[in-house]
Amino acid sequence: MEEKKFTLFGTDLQKIPCFKKTFTISTYSGIAAGLGCFLITSRIKKSADVAVLTFAATTLGYWFYCRYNWSKQHQLSQQMNRSLHHVMLNEDEDTNIDERAIVCNESDDDILPSRPIRSDDFEELDRSPEQGDYVLVEFCPKKATIYIGKVIEGKDCDGDFVVNFLRKSDKIVGKFVHPNFPDVASVPEKDIKMLLPHPVTLGFTKRQKSLISFEVDFRFINIM
């Protein structure tokens, strides 16, 4: 069953903000005031006048009050929508910048080595890792699982290093990020397979700078 529409000059009055609520409150207020006056004075004409005046005063007062609040909420909603749209545009722009940077990096012969790194290429380190170095760590040689981390504490008395590990970016190939919760472990020197060059960061925004890459081709090793 279709809902009845109250139209005036082709306009559905129920769709006008605050109209329905104002009309309902004003009607109940007028009836209550008229009945109250009649119970006190027992005068019909005076009670009717009080009911009409109360209805008119409540309609005007509540209409302006309701429309003022609705206008504020409507403006706030529009501002939030514009802000959200602006943020989404910036996110898309940042992603496009990152993707263009990756294409440039992969097409630049000076950045990638002439031969990709393989797990069979690991040799004895030229020097012992130092604090601040980025390293390749292999925990399980049988599975050839490699991790990238940053040495945050040098060799201790047991010959171990404290390493803070990175994670591969889920969105951009060849990029690494620091996890939300630090992944720190003590690593024996024998598990450190390679000293990496200093990382490269691209972009200007905070999100872009959080993406870390290395001038190394990791395509043929299983980095976690």
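Biologist: How many bridges join β4 to strand β10, and do they run parallel or antiparallel?
Modeller: Two bridges join them, and β4 and β10 (residues 222-223) run parallel. Across that pairing, T145 stands opposite N222 in β10. Strands count as paired if DSSP finds at least two bridges between them. The strands themselves are DSSP runs of E with at least two residues, helices are runs of H or I with at least four, and both are numbered from the N terminus.

Biologist: Before we go on, what kind of model is this?
Modeller: It's a predicted model: local features need pLDDT of at least 70, side-chain atom pairs count only at pLDDT 80 or more, and totals for chains, interfaces and linings use all residues. Residues are numbered from 1 along each chain as its sequence is written, and side-chain values use heavy atoms, with hydrogens and water left out.

Biologist: What does the pLDDT look like across the protein chain?
Modeller: The average is 76, and 71% of the residues score at least 70. pLDDT is the predictor's confidence in each residue, on a scale from 0 to 100.

Biologist: Where is confidence lowest and where is it highest?
Modeller: In the protein chain, strand β1 (residues 7-8) is lowest with a mean of 63, and β5 is highest at 91. Also keep an eye on residues 101-115, where pLDDT stays under 50. The model has 15 contacts beyond four places in sequence for that stretch, a contact being heavy atoms within 4.5 Å.

Biologist: How many helices and strands are there?
Modeller: The protein chain has three helices and 10 strands. From the N terminus on, the order is β-β-α-α-β-β-β-β-β-β-β-α-β.

Biologist: Let's look at β5. Why is it largely enclosed by the rest of the structure?
Modeller: Six of the six residues of β5 (residues 160-165) are buried, so the strand is largely enclosed. Buried means under 20% relative accessible area, exposed means over 50%, and partly exposed is in between, using a 1.4 Å probe and protein chains only.

Biologist: Which residues point which way from β5?
Modeller: D160, V162 and N164 point one way, while F161, V163 and F165 point the other way, and all are buried.

Biologist: And which strand does β5 pair with over six bridges?
Modeller: That's β8 (residues 183-188), in the antiparallel sense, with F161 standing opposite V187 in β8. β5 also runs antiparallel to β4 (residues 145-153), joined by four bridges, and there G149 stands opposite F165. β4 and β5 form a hairpin with six residues between them, and G159 in the turn has a positive phi of about 80°.

Biologist: What is V162 in contact with, leaving aside neighbours within four places in sequence?
Modeller: V162 touches K150, V151, I152, E153, V184 and A185. V162 counts as buried, at 18% relative accessibility.

Biologist: Switching topic, what is the volume of the second largest pocket?
Modeller: About 300 Å³. Of the 14 residues lining that pocket, the closest to its centre are K168, S169, D170, K171 and V177. On a 1 Å grid over the protein atoms alone, a pocket is an open set of points with protein on both sides within 12 Å along at least five of seven lines, and lining residues have an atom within 4 Å of a point. Grid points are joined across faces, edges and corners, and the volume is the space filled by probe spheres set on the points.

Biologist: How does the lining divide into nonpolar, polar and charged?
Modeller: Five nonpolar, four polar and five charged. Ala, Val, Leu, Ile, Met, Phe, Trp, Tyr, Cys and Pro count as nonpolar, Asp, Glu, Lys and Arg as charged, and the others, Gly among them, as polar.

Technical notes:
On a 1 Å grid over the protein atoms alone, a cavity is a set of points where a 1.4 Å probe fits but cannot get out, and a pocket is an open set with protein on both sides within 12 Å along at least five of seven lines; lining residues have an atom within 4 Å of a point.
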